[in-house]
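Let's take a walk through this structure together, one part at a time. Keep the sequence and the 3D view at hand as you read.

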Amino acid sequence: AIGSHPSLETVVLSDTGLGHAVGGPEQTRAVLTELLRGPCLETLDLGWSRLTESTFGHLGQCLSTSNLSTLLVPCCATSSSFLRGSSVEFFLEFLGEASSLTRLDISLNTIDWKSALVLEDAVETHPDFR
């Protein structure tokens, strides 16, 4: 389907309710897997989706083998508490391995100081982030 489309470069799923649907995180991870296997996909906008810790972690893992250059995930984190932090932190741990990524929007994801340290480390190790 969409993951094998020969020329699809941009997919915008912002504000579509991704992650809120029946099937929960498992279904969302399956959608992300399918999207990110697209050989020509360069831009993915998932803004205002509901991405859990496991979904954000899966997204980070998928980026290491994708050709994605732009990822927009503003306001997608599901948890933010003093002890647990933001679900986006699970994504940030894989960010340094996403070698094709050159533009990232993680705004409005309630990043705490721990997530900021993980982000700093990823930026330092990523070949194209400055």
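T28 is buried, with a relative accessible area of 3%; here buried means under 20% relative accessible area, exposed means over 50%, and partly exposed lies in between (1.4 Å probe, protein chains only). You will find T28 in helix α1. Helices (H or I, at least four residues) and strands (E, at least two) are DSSP runs, numbered from the N terminus. Leaving out residues up to four places away in sequence, T28 touches L18, G19, L51 and T55, where contact means heavy atoms within 4.5 Å.

Before going on, a word on how to read all this. This is a predicted model, in which local features need pLDDT of at least 70 and side-chain atom pairs count only at pLDDT 80 or more, while totals for chains, interfaces and linings use all residues. Residues are numbered from 1 along each chain as its sequence is written, and side-chain values use heavy atoms, with hydrogens and water left out.

Now turn to helix α2. Eight of its 11 residues are buried, so α2 is largely enclosed by the rest of the structure. The buried ones are T55, F56, G57, H58, L59, G60, C62 and L63. What lies over them? The cover includes α1, β3 (70-72) and α3.

This leads us to the largest nonpolar core, which has 25 residues. A nonpolar core is a set of buried Ala, Val, Leu, Ile, Met, Phe, Trp, Tyr and Cys residues joined through side-chain atoms within 4.5 Å. The residues with the most contacts inside this core are L59, L71, V73 and F91. Two or more core residues come from each of α1 (24-36), α2 (53-63) and α3 (88-92), and α2 gives the most, with four. Look at L59: beyond its neighbours within four places in sequence, L59 is in contact with L32, L36, L46, L51, L71, V73 and F91.

L46 is buried, with a relative accessible area of 0%. Not counting residues up to four places away in sequence, L46 touches L13, S14, L18, L32, L59, L72, V73 and C76.

Next come the charged side chains. Side chains of opposite charge can pair when their charged atoms come close. How many salt bridges does a search of the whole structure find? There are three, a salt bridge being a side-chain nitrogen of Lys or Arg within 4 Å of a carboxyl oxygen of Asp or Glu. In one of them, E26 meets R29 at 3.9 Å, N to O. These two are three residues apart in helix α1, so about one helical turn separates them. E26 is exposed, at 52% relative accessible area. In another, the closest N and O atoms of R37 and E34 are 3.0 Å apart; R37 is partly exposed at 48%, and E34 is partly exposed at 23%. D112 and K114 also form a salt bridge, with their closest N and O atoms 4.0 Å apart, and K114 is partly exposed at 25%.

The largest cavity is lined by I2, H5, L8, V11, L35, G38 and L41.

Note on methods
1 Å grid on protein atoms, 1.4 Å probe; cavity = no way out; pocket = protein on both sides within 12 Å on 5 of 7 lines; lining within 4 Å.
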